[in-house]
Amino acid sequence: MPARRLPSWVWVSGLTAAALVAVTFLAVKADKGPQPTASASPKPSASATAKPSTGPDESKPVAVPDGSGTGRRIVYSLDQRRVWLVDASDASRRSFKVWPGTVNPAPGSYTVGTRREASTGSDGVEIENIVFFTVSSGTNIAFSNAVDGSSPPPPASGVPTGGIRMRAADGDAVWKFGTAGTKVAVVD
């Protein structure tokens, strides 16, 4: 007795149903995937020369500054030397201390423009995860981290630096969060 063939509509229906199940599974998995959260302090590298002040208890959440806008954005506080990654619901997903350069951006609203995976900073340090958002006094202002994990050394006399440095894990988070067009709010 010859084998009986299934009609083509059965095959097409089966493949379509399987594809819908796979797409739904992947969408749910992506939605529940890693989300930026407050970072645990990574171990500093042996080459780290200085650490940003973490205050009395870095494990306590630090509120996003008032007047930093609404919606998905990166917030940078000049006075606190701190960055927040804020989601569309205005919840802080991650916050961390940073080392500012010698040239600060003026308080205001900016957007992420150019991004560069790696380069050499104006202080001669190899950097990565470079997220540019403005120019101040002719100096590019960008978030970045040193490839070797070090904080910026004191700049050479008269050399302006606009890099806002952070730990490598925080630099990776800013790189993933700060795509072109992302809002950046700079506050005092």
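Good morning. I begin with a turn: in the hairpin of E1 and E2, four residues lie between the strands, and Arg-81 adopts a positive phi near 50°. The labels follow DSSP runs, numbered from the N terminus, with helices (H or I) of at least four residues and strands (E) of at least two.

The model is predicted, so local features need pLDDT of at least 70 and side-chain atom pairs count only at pLDDT 80 or more, while totals for chains, interfaces and linings use all residues. Residues are numbered from 1 along each chain as its sequence is written, and side-chain values use heavy atoms, with hydrogens and water left out.

Let us stay with strand E2. E1 and E2 pair in the antiparallel sense over five bridges, where pairing requires that DSSP finds at least two bridges between two strands. Arg-73 has Val-86 in E2 as its bridge partner. On to strand E3 (residues 92–97): five bridges join E3 to E2, and the two run antiparallel. Here Val-83 has Phe-96 of E3 as its bridge partner. E2 and E3 also form a hairpin, with five residues between them, and Asp-90 in that turn has a positive phi of about 70°.

Is E2 enclosed or open? Five of its five residues are buried, so E2 is largely enclosed by the rest of the structure. Buried means under 20% relative accessible area, exposed means over 50%, and partly exposed lies in between, with a 1.4 Å probe and protein chains only. Both faces of E2 are covered, with Arg-82, Trp-84 and Val-86 buried on one side and Val-83 and Leu-85 buried on the other.

I turn now to the core. In soluble globular proteins, nonpolar side chains tend to be buried together. A nonpolar core is a set of buried Ala, Val, Leu, Ile, Met, Phe, Trp, Tyr and Cys residues joined through side-chain atoms within 4.5 Å. The largest such core has 22 residues, and Ile-74 and Phe-143 have the most contacts inside it. At least two residues of this core come from each of E1, E2 (82–86), E6, E7, helix H2 (168–177) and strand E9 (183–187). H2 gives the largest share, four residues. Another core, of six residues, lies apart from it and includes Val-125, Ile-127, Phe-132 and Ala-146.

Which residues surround Phe-143? Leaving aside residues up to four places away in sequence, Phe-143 touches Ile-74, Tyr-76, Val-83, Asn-129, Ile-130, Val-131, Phe-133, Ile-164, Met-166, Val-174 and Val-184, a contact being heavy atoms within 4.5 Å. Phe-143 is buried, at 0% relative accessibility.

Finally, the aromatic rings. The structure holds three aromatic pairs. Rings of Phe, Tyr and Trp (its six-membered ring) pair if their centres lie within 6.5 Å; planes under 30 degrees apart count as stacked, over 60 as edge-to-face and the rest as tilted. Tyr-76 and Phe-143 have ring centres 6.2 Å apart and planes at 85°, so they are edge-to-face. Because Tyr-76 lies in strand E1 (residues 73–77) and Phe-143 in strand E7 (residues 139–146), this pair ties together parts that are 67 residues apart in sequence. Tyr-76 is buried too, with a relative accessible area of 1%. The rings of Phe-133 and Phe-143 are stacked, because their centres are 4.9 Å apart and their planes at 25°. Together, Tyr-76, Tyr-110, Phe-133 and Phe-143 form one aromatic cluster. Thank you.
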